[in-house]
Amino acid sequence: MACIMFQGTASNVGKSMIATGICRIISDDGYRVAPFKSQNMSRNSSFDRYGGEMGIAQVAQARAARIEPLASMNPILLKPSDNHMTDLIFNGKYIRSLRAREYMKIKKDLRPGLEAIYKDLESSVDIVVLEGAGSPVEININQIDLSNMEMAKIADPPVILVADIDRGGVFASIVGTLELMTKSDRSRVKGVIINKFRGDEDSFQDGIRMLEDIIKIPVLGLVPYADIYIDEEDGASGKSRDNVDRFISSLEKSLGDGSNHIISRIKAENEFRLSQGLDIMNDSELGKFVRECEYNRLAKLLRDKLDIRAIYNIIFRREKV
């Protein structure tokens, strides 16, 4: 089966957003696609229809892929609790609370189950879009890190490295990440995406060429900073008003005067649901409409800014890119 994995130079570089958009693009193109993140750490979670607990980001990615969210798409969920303890959720079920050192000791015991869960998911779709966690070169824990290259050894995906230019030091973060990889791990990396770009793209082309000369890996696109609402792993429910307000603003810009009726409905329902302690994005029909608009807007952005043909070549290993 075909697969691709998005890893990042650090946390919060936009891996989840990129993976979500790619899920929607692949679904739009007629493939059956599923997301997968072997390990998530988040205080916030959701449940599939069987009661299995899973990360919010994989729920969003499954919805973008037009497939039912399942806890098997996020087999290991770590939920920090009180007193430096963490709840271990495996394949949707609570196992126990434990300290970080305890978890490190039992991680290797989770690998066989993780592999079986992935193989089962892989057999049910055409393409799996995997997402790593944090950085793949935390050299002190790499041998027991089930999130990035150890998961890549199980699934054998080509890897695309995502970097965040908005925080500064993007060239150093990319080169440094690749330099810290083992030779075999680095050979998996087939492309780089520079995310959260602000500025003139034309003036950055020399930088891209110089980077490609150094790393000998193609840059597949320069994705601009975009204010798109997608559920985040650690998104607090208190952000709902801001998220919907941002969505309304972007919808007004894209639809112009024709959006007045839609905007009025969204504002009215959002205010009502917030007054009841509810989130418009969770289960309302209007919330589904908002989400669909955002998934499609994200997919369009990525189609415009990424070399999607090259990404498909990487997925299907048709040629060296």
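We will go through a strand, its partners and a helix.

Tutor: Keep in mind that this model is predicted.

Student: Which strands pair with S11?
Tutor: Look for bridges. Strand S10 (residues 159-164) pairs with S11 over 6 bridges, in the parallel sense. There, Val159 has Val189 as its bridge partner. Strand S12 (residues 219-224) also runs parallel to S11, joined by 4 bridges. In that pairing, Val219 of S12 stands opposite Val192.

Student: What do S11, helix H7 and S12 make?
Tutor: Together they form a β-α-β unit, and the unit is right-handed. H7 covers residues 205-215.

Student: How do I read the sides of a helix?
Tutor: An α-helix has 3.6 residues a turn, so residues three or four places apart point the same way. Now list the buried residues of H7: Gly207, Ile208, Leu211 and Ile215. They sit on the same side of H7 because their arc around the axis is only 100°.

Student: What do the buried residues of H7 pack against?
Tutor: Helix H5 (170-180), helix H6 (183-188), S11 and S12.

Student: Which exposed residues lie on the face turned away from the buried side of H7?
Tutor: Met210 and Asp213.

Student: What comes just after H7?
Tutor: Lys216, with a positive phi of about 60°.

Conventions: Residues are numbered from 1 along each chain as its sequence is written. This is a predicted model: local features need pLDDT of at least 70, side-chain atom pairs count only at pLDDT 80 or more; totals for chains, interfaces and linings use all residues. Side-chain values use heavy atoms; hydrogens and water are left out. Two strands pair if DSSP finds at least two bridges between them. Helices (H or I, at least four residues) and strands (E, at least two) are DSSP runs, numbered from the N terminus. A crossover is right-handed if, with the strands pointing away from the viewer, the path from the first strand over the helix to the second runs clockwise. Buried means under 20% relative accessible area, exposed over 50%, partly exposed in between (1.4 Å probe, protein chains only). The arc is that of the directions from the helix axis to the C-beta atoms. Contact means heavy atoms within 4.5 Å.
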